[in-house]
Amino acid sequence: MDATSLSGLRRSYEGEPLLEANVAADPIAQFTVWFQEALDAGLPEPNAMVVATASAGGRPSARTVLLKGYDEDGFVFFTNYESRKGRDLAENPRASLLFPWHPIRRQVRVEGSVVRLSHERSAEYFNSRPYGSRIGAWASRQSAVVRSREDLDRRYEELADRWPEDPPVPDFWGGYLVVPSEMEFWQGQLDRLHDRLRYRRAHPGWELERLAP
C-alpha cells in the first residue's frame, strides 16, 4: 500500500471537551474515572497497554501486556525477568505505558520509573492464575529463540507431568510497578484539535498543564 492510499485513512473525532475544570486533581483518580468509562463502553480488554522500554544503549522496544492492578503508587504488570523488557528494565528502569482506547477516542500515557514487586506480592498473583498459565510461565523462556512449536509444547507437557497441581513461582518471573512521574490524558476532537492534559509530579502533588495537539 502506497502513501497516497494511506493518506486517505482518517477518521473525524468528536468527543466531550476535556477541560481543566472538569478533571480530578490527582491523575490516578482521573484514570479511575476513564477506566470505568472504558469498561462501561464495553471495550475489549481495556486493561491492555503498550509497554515501551529501552536498553542501556537507548534501543527502544514496545509490546502489549495487561495491566494487573493500580493504586496511588502506580501501575502493575507481570512478566519474565529474562524477557527483553525484563532485561531492558534491569539496565534502564524506566518505562512508558499507553492505553489506546480508540473506540471512545481516548488515550492515556504514563511515564515513570520502574521497580520490581516483592516476591510475596508476585507469588500472590501467580498463585491466582489459571493452572495452564502457571505452567506456561515455566515453559516459556520469554524472548529466547525456540527451535519449534513442538519443542515448546513438549516442554509444557514435561512440566505439567512434573507439577500436576500447584507449580511453584519461577524465580525468573514476577511483577513490576511503574511509578508515574507524568500522565497524559488525550481526548480526540474535531479538526485534529485534540485535548491533551498532562499531569507532572510536583512536590507535593501534581501540576496540570495543557499541551498543543
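Q: Start with Arg149 and Asp153. How are they separated in helix H6?
A: They are 4 residues apart in helix H6, so about one helical turn separates them. Helices here are DSSP runs of H or I with at least four residues, strands are E runs of at least two, and both are numbered from the N terminus. This is a predicted model: local features need pLDDT of at least 70, side-chain atom pairs count only at pLDDT 80 or more, and totals for chains, interfaces and linings use all residues. Residues are numbered from 1 along each chain as its sequence is written, and side-chain values use heavy atoms, leaving out hydrogens and water.

Q: What do Arg149 and Asp153 form?
A: A salt bridge, with the closest N and O atoms 3.1 Å apart. The term means a side-chain nitrogen of Lys or Arg within 4 Å of a carboxyl oxygen of Asp or Glu.

Q: Is Arg149 buried or exposed?
A: Exposed, at 55% relative accessibility. Asp153 is partly exposed, at 30%. Buried means under 20% relative accessible area, exposed over 50%, and partly exposed in between (1.4 Å probe, protein chains only).

Q: How many salt bridges does the count come to?
A: The count is 14. Among them, Arg147 pairs with Asp151 at 2.9 Å between the closest N and O atoms.

Q: And which residue forms a salt bridge with Arg198?
A: Glu182, with the closest N and O atoms 4.0 Å apart. Arg198 lies in strand S8 (residues 195-201) and Glu182 in strand S7 (residues 173-187), so the pair ties together parts 16 residues apart in sequence.

Q: New topic. How many aromatic pairs are in the whole structure?
A: A search finds 20. Rings of Phe, Tyr and Trp (its six-membered ring) pair if their centres lie within 6.5 Å; planes under 30 degrees apart are stacked, over 60 edge-to-face, and the rest tilted.

Q: What about Phe31 and Phe75?
A: That pair is edge-to-face, 5.1 Å centre to centre with 85° between the planes. Phe31 sits in helix H2 (residues 27-40) and Phe75 in strand S4 (residues 74-80), so the pair links parts 44 residues apart in sequence. Phe31 is buried at 0% relative accessibility, and Phe75 is buried with a relative accessible area of 0%.

Q: And how are Phe78 and Trp173 arranged?
A: They are stacked, 5.5 Å centre to centre with 10° between the planes. Phe78 lies in strand S4 and Trp173 in strand S7, so parts 95 residues apart in sequence are tied together.
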